[in-house]
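Have a look at the sequence and the fold, and then read on about helix packing and aromatic rings.

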Amino acid sequence: MALKVLLLEDDPSKKNRLLALLNREKSLFEHIDTALCASDAIRLMKQRRYDLLIADIIVPSELGGDKSEKNCIAMFEQLDDGFDDIFTPTYALPISAADGLSKESYDFFAGRPWGIMPYTDTNDECLESIRRVARFVLNDKDKAPDLPSC
């Protein structure tokens with residue numbers, strides 16, 4: 001069974017490029033939701049379980065708000081805390097096209113499985129990396145036994 005994915009990306013051209021990949025790879029990606037800000041992503045994660053969260057690092061907290069790395073970090077901290085009835089995604093893949101991210105961002109995401117994946121509009125390296133991550137997550141999902149929930 002393919003993955004349920006939440007894509008957090010506020011830039012229309014980047015979002016469309018990533019969605020084109022996700023929609024093209026039906027064997028990897030079964031269901032794709034998109035969020036334009038951190039609060040949208042949290043709202044969606046309260047409604048559905050995702051196998052993979054692909055999150056741009058520099059996003060607004062609220063729709064139309066200021067973009068900042070701190071907003072994404074705050075969202076991940078909220079996920080890490082495990083409160084607020086949020087279904088934490090099985091895996092998360094932070095991405096960024098920005099140059100000069102803060103040391104705080106690199107430090108925060110350094111302990112995550114893939115760190116921060118660089119994203120560019122000029123080549124397909126990031127798209128291929130997303131495919132590899134998706135295959136890993138799918139393989140891990142296929143190995144995991146279905147356990148009854150409480």
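Helix α3 (residues 69–81) and helix α4 (residues 103–110) have axes that come within 10 Å and cross at roughly 25°. Helices here are DSSP runs of H or I with at least four residues, and strands are runs of E with at least two, numbered from the N terminus. The axes are lines fitted to C-alpha atoms, for helices over the stretch in contact, and angles run from 0 to 180 degrees between N-to-C directions.

This is a predicted model, in which local features need pLDDT of at least 70 and side-chain atom pairs count only at pLDDT 80 or more, while totals for chains, interfaces and linings use all residues. Residues are numbered from 1 along each chain as its sequence is written, and side-chain values use heavy atoms, with hydrogens and water left out.

α3 and α4 are therefore roughly parallel to each other (angles under 35 degrees count as roughly parallel, over 145 as roughly antiparallel, 65 to 115 as roughly perpendicular and the rest as oblique). Which residues meet? From α3 come E69, K70, C72, I73, F76, E77 and D80, and from α4 come E104, S105, F108 and F109; contact means heavy atoms within 4.5 Å.

Now to the rings. Rings of Phe, Tyr and Trp (its six-membered ring) pair if their centres lie within 6.5 Å; planes under 30 degrees apart count as stacked, over 60 as edge-to-face and the rest as tilted. By this rule the count comes to 5 aromatic pairs, including the two in this table.

| Pair | Centre to centre | Angle between planes | Kind |
|---|---|---|---|
| F76 and F109 | 5.1 Å | 90° | edge-to-face |
| Y91 and W114 | 5.7 Å | 55° | tilted |

F76 lies in helix α3 and F109 in helix α4, so their pair ties together parts that are 33 residues apart in sequence. Both F76 and F109 are buried (under 20% relative accessible area; exposed is over 50% and partly exposed in between, with a 1.4 Å probe and protein chains only). F76, F108 and F109 form one aromatic cluster.

Y91 belongs to strand β6 (residues 91–96) and W114 to the loop between α4 and β7 (117–118), so this pair links parts 23 residues apart in sequence. Y91 counts as buried at 16% relative accessibility, whereas W114, at 27%, counts as partly exposed.

Back in helix α3 we find N71, which is buried with a relative accessible area of 17%. Not counting residues up to four places away in sequence, N71 touches A38, V59, P60, S61 and D66.
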